[in-house]
Amino acid sequence: LSKYEGILDKIAPTLYKFSQYAKYFRSNHISVNNFLNFYADISGYYSSNKISYALIEKNKVINYDGLPYIVYLTISLSELNGFVFDQNYGLNGFITTMVINNFSFEDKKLIIRRAPLYLSIPAKDLFVRVVGQDMYETLRANTR
Amino acid sequence: MLVGSPNEKVVPKADGADFAIELPSFYVLVTIHGSLYDIYNKNGNDHLRANIDMWNKTYGSKFLRELNELDQLYDKLYDRLQLSLIALDTWKIRLEYFKETGKILP
């Protein structure tokens, strides 16, 4: 393998796993919304200077120079001060970005909407709701 | 700028792609196991399969540089990425439980 092939060979299987979770949660987005019992009003990019890295998943038409168009699930892992907050992907970006930043923004507030109210909740509260208290504590103890 | 050596020439080998890895300037279409299908430039419609030699000559070194930067970031965050996958799996289990019972595990 050439060097670039070696890199792709190494990172693709892991990144592919993230894409599979994104597909799963996207196909279960109604259940995700029912589970959360709110709708995030941050329909887009959430930024914070406490974030250094982000994993972002999105569907994208890539081969736009001809038909048929094919939509690919794209994964980016990069140095960014934010992530895409998207319930339709099951909060994958939020969960992953929280962990890879070693919970640096867990005290930052997120704005959510539980009609007719707008609420402000710490990111940690949302994280614990989706993964559970035990997993949260395990991750906090093992993330270096 | 040409790529560093003939050995580093970027050549597509896969028959299709399962997903895409996004780099600052490119979308890299790959299989689950990392076999390369194509690379699309974000700005414009140039892509590797359209003209492999021209693409390598024009964009090869930039692609290799950006992929190398991703590789370094991946290595740096590897342990946390694995923990993230565990967190996502737990979230999936909790969601399945909620779908079956209507209850949320603590």
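This is a predicted model: local features need pLDDT of at least 70, side-chain atom pairs count only at pLDDT 80 or more; totals for chains, interfaces and linings use all residues.
The interface was examined by residue count and by area. In the model, 61 residues of chain A are in contact with 60 residues of chain B. The size of an interface is often given as the accessible area lost when the parts come together. Here the two chains bury about 5400 Å² between them. Carbon and sulfur atoms account for 68% of that area.

One of the bridges links A:Lys10 to B:Asp75, with 2.8 Å between the closest N and O atoms. On chain B, the side that touches chain A draws at least two residues from each of four elements: strand E1 (19–22), strand E2 (26–30), strand E3 (36–41) and helix H1 (52–101). H1(B) gives the most, with 30 residues. By residue class, this side of chain B holds 32 nonpolar, 12 polar and 16 charged residues.

Strands of a sheet pair through backbone hydrogen bonds, either parallel or antiparallel. The sheet in this model is open and has 5 strands, in the order E3(A)-E4(A)-E1(B)-E2(B)-E3(B). Its pairing is mixed. Strand E3 (53–61) of chain A and E3 of chain B stand at the edges. Each edge strand has a single partner strand, so one side of each is left without a neighbour in the sheet. From one strand to the next, the twist averages 25°.

Within chain B, E2(B) and E3(B) pair in the antiparallel sense over 5 bridges. In that pair, B:Leu29 stands opposite B:Asp38 of E3(B).

Helix H1 (residues 3–27) of chain A packs on this sheet. H1 of chain A touches E3 and E4 of chain A, together with E1, E2 and E3 of chain B. The direction of this helix makes about 115° with that of E1(B). Another helix of chain A, H3 (residues 92–100), lies across E3 and E4 of chain A. Helix H3 of chain A runs at about 155° to E3(A).

Definitions and conventions: Residues are numbered from 1 along each chain as its sequence is written. Chains are lettered from A and ligands numbered from 1 in the order in which they are written. Side-chain values use heavy atoms; hydrogens and water are left out. Contact means heavy atoms within 4.5 Å. Buried area is the accessible area (1.4 Å probe) that two parts lose on being put together, summed over both. A salt bridge is a side-chain nitrogen of Lys or Arg within 4 Å of a carboxyl oxygen of Asp or Glu. Ala, Val, Leu, Ile, Met, Phe, Trp, Tyr, Cys and Pro count as nonpolar, Asp, Glu, Lys and Arg as charged, and the others, Gly among them, as polar. Two strands pair if DSSP finds at least two bridges between them. Axes are lines fitted to C-alpha atoms, for helices over the stretch in contact, and angles run from 0 to 180 degrees between N-to-C directions.
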